[in-house]
Amino acid sequence: LAINEVYLMHATSADIATKIVQGGFDPSYSGSSTGTNFGQGTYFSDSLEKVSIYSTRGGAIIITRVALGHASPFTPVSSSTYGLRRPPMSSLKNASGDDLECDCVVGHASSRDHKEFIVYRHTKAYPEYIIWLE
């Protein structure tokens with residue numbers, strides 16, 4: 001499948017931004033401060049308005065190259081979706097005829113038209129730039 005690489009944003013505190021730059025994104029820490037509507041992944045958005053909800057004075061917005069691959073549209077339907085640890089299966093098949101897993105989830109958690117992109121593997125996102133917020 002195509003890599004489908006895009007630039008997306010991730011907002012966090014300054015100390016966490018420094019850790020991300022040093023060691024990359026770690027989906028196992030997801031939700032530790034903001035929740036997990038789409039499960040235990042790393043959350044990104046293409047909307048500055050969306051990430052500004054999670055950014056604070058003295059924090060950071062990380063501009064990230066994200067390999068979305070085959071994205072699955074997804075809407076959280078209940079609190080049971082909070083436990084996702086991997087994306088859902090796609091309608092695509094491999095050479096053996098088995099279903100393939102999607103590479104990420106693209107969702108809307110609220111009535112606003114802000115997309116969220118969730119990846120579940122640390123190898124899918126590369127922090128490239130940081131905007132430090134004063």
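Here is a quick tour of one protein chain, from its overall layout down to single residues. The model is a predicted one. The chain has 134 residues, and 40% of them count as buried. It contains 2 helices and 9 strands, with salt bridges, an aromatic pair and a nonpolar core to look at along the way.

**Overall layout**

- Take the contacts between residues at least 6 apart in sequence: 73% of them join residues at least 24 apart.
- The chain exposes about 7800 Å², and carbon and sulfur atoms supply 51% of that area.

**The nonpolar core**

- In soluble globular proteins, nonpolar side chains tend to be buried together.
- The largest nonpolar core here has 14 residues, and Leu8, Phe25, Phe44, Val66, Leu68 and Phe117 are the ones with the most contacts inside it.
- Two or more core residues come from each of α1, β3, β7 (104-107) and β8.
- Strand β3 gives the largest share of this core, with 3 residues.

**The aromatic pair**

- A pair of aromatic rings is described by the distance of the centres and the angle of the planes.
- The structure holds 1 aromatic pair, made by phenylalanine 25 and phenylalanine 44.
- Their rings sit edge-to-face, 5.1 Å centre to centre and with 75° between the planes.
- Phenylalanine 25 is in the loop between α1 (14-23) and β2 (42-44), while phenylalanine 44 is in strand β2, so this pair links distant parts of the chain, 19 residues apart.
- Phenylalanine 25 has 4% relative accessibility, so it counts as buried.
- Phenylalanine 44 is buried too, at 2% relative accessibility.
- Leaving aside neighbours within four places in sequence, phenylalanine 44 has contacts that include Leu8, Met9, Val66, Phe117 and Ala125.

**Salt bridges**

- How many salt bridges does the structure hold? There are 3 of them.
- Glutamate 5 and arginine 65 meet through their side chains in a salt bridge, 3.3 Å from N to O.
- Glutamate 5 belongs to strand β1 and arginine 65 to strand β3, so this bridge ties together parts that are 60 residues apart in sequence.
- Both partners count as partly exposed: glutamate 5 at 47% relative accessibility and arginine 65 at 31%.
- Lysine 50 and glutamate 116 form another salt bridge, at 3.5 Å from N to O.
- Because lysine 50 lies in helix α2 and glutamate 116 in strand β8, that pair ties together parts 66 residues apart in sequence.
- Are lysine 50 and glutamate 116 buried or exposed? Lysine 50 is buried, and glutamate 116 is buried as well.
- Glutamate 128 also meets arginine 65 in a salt bridge, with 3.0 Å from N to O.
- Here glutamate 128 lies in strand β9 and arginine 65 in strand β3, so parts 63 residues apart in sequence are tied together.
- Glutamate 128 counts as partly exposed, at 24% relative accessibility.
- Glu5, Arg65 and Glu128 are therefore linked in a network of salt bridges.

**Tyrosine 129, in strand β9**

- Tyrosine 129 has its place in strand β9 and is partly exposed, with a relative accessible area of 48%.
- Its side chain makes a polar contact with the side chain of glutamate 128, at 3.4 Å.
- Not counting residues up to four places away in sequence, tyrosine 129 touches Tyr7, Ile61, Ile62 and Ile63.
- Tyrosine 129 and valine 21 are 108 residues apart in sequence, yet their C-alpha atoms are 9.1 Å apart in space.

- Lysine 124 lies in the loop between β8 (116-119) and β9 (125-132).
- Buried or exposed, what does lysine 124 count as? At 17% relative accessibility, lysine 124 counts as buried.
- Beyond residues up to four places away in sequence, lysine 124 touches Arg65, Val66, Ala67, Asp103 and Val119.
- Serine 55 is in the loop between α2 (48-52) and β3 (60-67), and it counts as buried at 15% relative accessibility.
- The side chain of serine 55 reaches the backbone oxygen of serine 52 at 3.1 Å.
- Asparagine 4 lies in the segment before β1 (5-12) and is partly exposed, with a relative accessible area of 37%.
- The phi angle of asparagine 4 is near 55°, a positive value in a residue other than glycine.

Notes:
Residues numbered from 1 in each chain as written. Predicted model: local features only at pLDDT ≥ 70, side-chain atom pairs only at ≥ 80, totals over all residues. Heavy atoms only, no water. Helix = DSSP H or I, 4+ residues; strand = E, 2+ residues; numbered from the N terminus. Buried < 20%, exposed > 50% of the residue type's maximum accessible area, 1.4 Å probe, protein only. Contact = heavy atoms within 4.5 Å. Polar contact = N/O pair within 3.5 Å; in protein donor to acceptor, adjacent residues only side chain to side chain. Areas by Shrake-Rupley, 256 points an atom, 1.4 Å probe, with all protein chains shown as cover. Phe/Tyr/Trp six-rings, centres within 6.5 Å; stacked < 30°, edge-to-face > 60°. Core = buried A, V, L, I, M, F, W, Y, C linked by side-chain atoms within 4.5 Å. Salt bridge = Lys/Arg side-chain N within 4 Å of Asp/Glu carboxyl O.
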